[in-house]
Amino acid sequence: MIEDINNDQQVTISLLDKLCIDEINNENKE
Amino acid sequence: MKFFLKIFITNIEYIKDKTEEIGNEIINNISQTINNILHLFIKLFEKNNNFQSIIRKQLEIVLNYLKEDIEREFSNKIEKIKKELNKNLKVYNDEKEFYSNKIERLEIENKYMTEHLIKSGFNISKKFEILNKENENKTNKKNSIEFIKTKLISIKNMKEIINEIYNSKIEYDKKCIENKIPNITMELHMFNFFSKKYGLKNLVNEWIINIDMAIKIYSNEDNDINLFGKILRNEIDENEITFLNKLKNSINEYLQLCLINKYPLKSKKELNKLYLNKLENYLNEDEWKIILYSIYSKEEGKIIERRILKIIKELNNNRKKELLNDLKNSCKKNIVTRDEYDKINSNKFDLIIPYKEFLYIIMDYRICYKEKYLKPFIYLFKKYDSDINGILNEEEFIKLCDSISFIKKLGHSYIIQLLNKIDPYILKELLFQIVLKYFQMK
């Protein structure tokens, strides 16, 4: 698990969630 | 005198040039030559002692200067050559290390592939035989029935075998935790399962080939078999078995509720009969819509609904064709009038779908969703699983974590902490399923 910021709120998410979010963000950037 | 000096200087310059080309041994020759010239001068100018001493001194200065110059140049050259040699040596050492690592890696890969070929019973000649028979199957229906009976496992049998393997794996997982021994992948467990059950190597190989073929053939029509194939290939979470079973139970419960609401006056026995009948036949539009939107949100439900309607349209088109064919067969000379044709074509069929087709779409949506979610992780895991066995060693696991920027930012100590959680007994075998489990923890 990892601490992350979602809608200005600190939340605990799984590493897999974070990996997935980063992947989506990267896709959106591209 | 001047003439001799000129000859002398020309000689010296010539020698200097030569020394640059030839090397250290020439220095001695230069000294020897200069000394000879000196002796010649001494003999020639014996009578004039003063002149002789001046010449000697000057020559000694020139000689020393030349010696120093040559030595400096040589030392520079030697230094340059030394640097080049060291550079080359480093390149060769790096290359040597790279190739020795590659050989080591290939040896491991070769070992794994050999084991894998034996374990999965990958027998090319047998596969050819099966494929040839499969081709015959397309051209000769009678033969194909015999072939399917003898070689191809039926969907029902396949599901039973899969359940047996799953149950056996659950038991094995428990033993691994109790005895603190490394766990194994589902693929290897399947091999052990058949070895234990049938013993004979040929029989085990035959079973594994048949299972492999059945997965390829049935994956597009049965979710359970599709899921099993994905688990064997380390493409999905083993927890999905439980999740999909729960999903299937929920669908059935919603169908029962739907029937109770629809027919409140029917007895339990009648309702049960109706329910069992539905499982083998069609769901009406209201029924599948209630089930769909009870399970999924409006947004997701819409996506699945579009897929269901597409399937219904295809099925209805097929039904129209069947009706036309039936009509043609019943008519004299197989001629259909335009009115009859239009009547069939304008038929509006109900939006009904076979229960099994509906179940497949709902479950397939879930599998696709999960696959998409796991895609970045699976990509990284396969990238660092150098021997492609679904297991990482410690080094590979650290490399995987380092390749994920947000984990790397948390520092090496975080990665070691994670490693300790995943592999508390230092078994040094990090299975895909176990790493995935920890990556999913909140």
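Where is B:Ile426 found? The points below answer this and then turn to the cores, the helices and the contact between the chains.

1. Basis of the note. The model is predicted: local features need pLDDT of at least 70, side-chain atom pairs count only at pLDDT 80 or more, and totals for chains, interfaces and linings use all residues. Residues are numbered from 1 along each chain as its sequence is written, while chains are lettered from A and ligands numbered from 1 in the order in which they are written.

2. The loop between H18 and S4. B:Ile426 is found in the loop of chain B between helix H18 (412-422) and strand S4 (430-431); helices (H or I, at least four residues) and strands (E, at least two) are DSSP runs, numbered from the N terminus. Phi of B:Ile426 is near 50°, a positive value in a residue other than glycine. B:Lys428, found in the loop between H18 and S4 of chain B, has a positive phi of about 60° although it is not a glycine. Most residues other than glycine have a negative phi.

3. A residue is buried if 20 or more other C-beta atoms lie within 10 Å of its own, exposed if 12 or fewer, and partly exposed in between, with C-beta atoms placed from the backbone. B:Ile426 counts as exposed because it has 8 C-beta neighbours inside 10 Å. B:Lys428 has 14 other C-beta atoms within 10 Å and is therefore partly exposed.

4. Chain B overall. Chain B has 19 helices and four strands. Of its 442 residues, 16% count as buried.

5. The largest nonpolar core. A nonpolar core is a set of buried Ala, Val, Leu, Ile, Met, Phe, Trp, Tyr and Cys residues joined through C-beta atoms within 7 Å. The largest has 40 residues, and those with the most contacts inside it include B:Met158, B:Phe194 and B:Val435. Helix H8 (residues 201-218) of chain B gives the most to this core, with seven residues. The core lies between domain 2 (120-233) and domain 4 (385-442) of chain B, because both give residues to it; the domain bounds come from an automatic or database domain assignment. Apart from this core lies another, of 15 residues, among them B:Cys258, B:Leu292, B:Ile308 and B:Ile362.

6. B:Asp364. This residue has its place in helix H15 (residues 355-384) of chain B. With 16 other C-beta atoms within 10 Å, B:Asp364 is partly exposed. B:Asp364 and B:Leu227 are 137 residues apart in sequence, yet 9.3 Å apart in space, C-alpha to C-alpha.

7. Helix H1 of chain A. The 15 residues of H1(A) should span 21 Å at 1.5 Å a residue, which agrees with its end C-alpha atoms, 21 Å apart; the expected span is 1.5 Å times one less than the number of residues. A:Leu15, A:Leu16 and A:Leu19 are buried in H1(A). Seen down the helix axis, the buried residues of H1(A) fall within an arc of 100°, so they line one face; the arc is that of the directions from the helix axis to the C-beta atoms. The face turned away from this buried side carries the exposed residues A:Ile24, A:Asn25, A:Asn28 and A:Lys29.

8. Contact between the chains. Eleven residues of chain A are in contact (C-beta atoms, placed from the backbone, within 7 Å) with ten residues of chain B. On the side of chain A that touches chain B, strand S2 (9-13) and helix H1 (15-29) of chain A are the elements that give two or more residues. H1(A) gives the most to that side, with seven residues.

Terms used:
Two residues are in contact if their C-beta atoms, placed from the backbone, lie within 7 Å.
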